[in-house]
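Here is a friendly briefing to read alongside the structure. Please keep the sequence and the 3D view open as you go.

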Amino acid sequence: MKIGIKRINRVTITSTVVLTAGAVLASGAFASAAQAATAPPAPSIVAKGGFVVNSGTGKALYSKTADTRRSTGSTTKIMTALVVLKQKNVNLKSQVTIQKAYSDYIVSKNASSARLIVGDKVTVGQLLYGLMLPSGCDAAYALADKFGTGKTRDARVKSFIGKMNATAKSLKLKNTNFDSFDGIGGGKNYSTPRDLTIIAREAMKNSTFRTVVKTKSTKQTVTMKNGGKRVMSWANTNKMLSSYSGAIGVKTGSGPTAKYCLVFAATRNGKTVIGTVLTSTNESTRTADAKKLMDYGFKR
């Protein structure tokens, strides 16, 4: 009689466990279905490639041909800044004398400029503002010359570009390569929306970088060749800082092959999203694409 009771109890308990597990699975399925039903529809963007992540968790929130290699234009300069800031004991107050070669380069390439004056002494910190706000290719050249190694300028620049690629490798980026310090390369300067977002996320860990890229405009006092002072005024090419609530960076880019690019970041209610759009058709669509993706990222 006792044996029968124990047997019944075991059957009852087993049935209860099965029923409970089934209920959990069913409720989980219903919850997943409910989440899927309430998730916002992914936006349509003009850019050929796009990618967005939750900066805090690294979770991907949006992807469109995110691993296709594309020309990056001046978004390359995010890596330029990152390499500088990763230098051991980097001294932001160290002065760099502006060389004629930097000015000649701007003219020969018809490149964007921080309007640096030959002979002026500009600090590394100021060059970072000249690099990231007006997208100065002269500032990029000065930084590559300063932080590369070698006896000649060409050797130092080559060395610096090598550091850019070494940093990409350390971040485990398989679809990124640099052949220039500013994005004006020889056809071997490329990345992807995913890789550029990873680079930006890494750079945004640095407080100096964050301060620079969220700055809308700045006036910097530099030392002239004769010892006098000159005030340089730079405005940020990233108009998202003024047109999107919570925007905190990062960098615009453009070029004949790159078309219009933007690496963007914004914070709202303690959540930060970072992303990239590559190969959009013009400034307006680039901005519209980025806003759509940030709006979508905050809803996810």
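Helix α7 is mostly covered, with 8 of its 11 residues buried. Keep in mind that this is a predicted model.

- The buried residues of α7 are Pro193, Asp195, Leu196, Thr197, Ile199, Ala200, Glu202 and Ala203.
- The cover over these buried residues of α7 includes strand β1 (49–54), helix α2, helix α8 (207–213), and strands β8 (259–268) and β9 (271–280).
- Helix α4, spanning residues 124–132, is also mostly covered: 9 of its 9 residues are buried.
- In α4 the buried residues are Val124, Gly125, Gln126, Leu127, Leu128, Tyr129, Gly130, Leu131 and Met132.

**How α5 meets α6**

- Helix α5 (residues 137–147) packs on helix α6 (residues 153–170) at an angle of about 95 degrees, and their axes are 7 Å apart.
- Angles of 65 to 115 degrees count as roughly perpendicular, and α5 and α6 are therefore roughly perpendicular to each other.
- On the α5 side, the contact involves Tyr141, Leu143, Ala144, Asp145 and Phe147; on the α6 side, it involves Arg153, Arg156, Val157, Phe160 and Lys163.
- By class, the residues of the contact of α5 with α6 divide into 6 nonpolar, no polar and 4 charged.

**Salt bridges**

- The count for the model comes to 7 salt bridges. Among them are the pairs described here.
- Aspartate 145 forms a salt bridge with arginine 156, and the closest N and O atoms are 2.6 Å apart.
- This pair links distant parts of the chain, with aspartate 145 in helix α5 and arginine 156 in helix α6, 11 residues apart.
- Buried means under 20% relative accessible area, so aspartate 145, at 8% relative accessibility, counts as buried.
- Lysine 100 forms a salt bridge with aspartate 104, where the closest N and O atoms are 2.9 Å apart.
- Both lysine 100 and aspartate 104 lie in helix α3 (residues 100–109), and they are 4 residues apart, about one turn of the helix.
- Lysine 100 is exposed, with a relative accessible area of 52%, whereas aspartate 104 counts as partly exposed at 37% relative accessibility.
- Glutamate 202 forms a salt bridge with lysine 205, with the closest N and O atoms 3.1 Å apart.
- Glutamate 202 is one of the buried residues of α7, while lysine 205 is exposed, with a relative accessible area of 59%.
- A network of salt bridges links Lys86, Glu202 and Lys205.

- Where does threonine 218 sit? Its place is in strand β5 (residues 217–223).
- Threonine 218 is buried, with a relative accessible area of 13%.
- Apart from neighbours within four places in sequence, threonine 218 is in contact with Tyr129, Leu133, Met232, Ser233 and Trp234.
- Tyrosine 129 and threonine 218 are 89 residues apart in sequence, yet their C-alpha atoms are 8.0 Å apart in space.
- Tyr129 is one of the buried residues of α4.
- The side chain of threonine 218 also makes a polar contact with the side chain of glutamine 220, at 2.8 Å.

**Backbone details to look at**

- A cis peptide bond joins glycine 249 and valine 250, with omega of about 20 degrees.
- Valine 250 has its place in strand β7 (residues 247–255).
- Asparagine 89 has a phi near 55 degrees, a positive value in a residue other than glycine.
- Asparagine 89 lies in the loop between α2 (77–85) and β3 (95–97), and counts as exposed at 68% relative accessibility.
- Lysine 172 has a positive phi of about 65 degrees although it is not a glycine.
- The loop between α6 and α7 (193–203) is where lysine 172 lies, and lysine 172 is exposed, with a relative accessible area of 68%.

How values were computed. Residues numbered from 1 in each chain as written. Predicted model: local features only at pLDDT ≥ 70, side-chain atom pairs only at ≥ 80, totals over all residues. Heavy atoms only, no water. Axes fitted to C-alpha atoms, helices over the stretch in contact; angles between N-to-C directions. Helix = DSSP H or I, 4+ residues; strand = E, 2+ residues; numbered from the N terminus. Parallel < 35°, antiparallel > 145°, perpendicular 65-115°, else oblique. Contact = heavy atoms within 4.5 Å. Nonpolar A, V, L, I, M, F, W, Y, C, P; charged D, E, K, R; others polar. Buried < 20%, exposed > 50% of the residue type's maximum accessible area, 1.4 Å probe, protein only. Polar contact = N/O pair within 3.5 Å; in protein donor to acceptor, adjacent residues only side chain to side chain. Salt bridge = Lys/Arg side-chain N within 4 Å of Asp/Glu carboxyl O.
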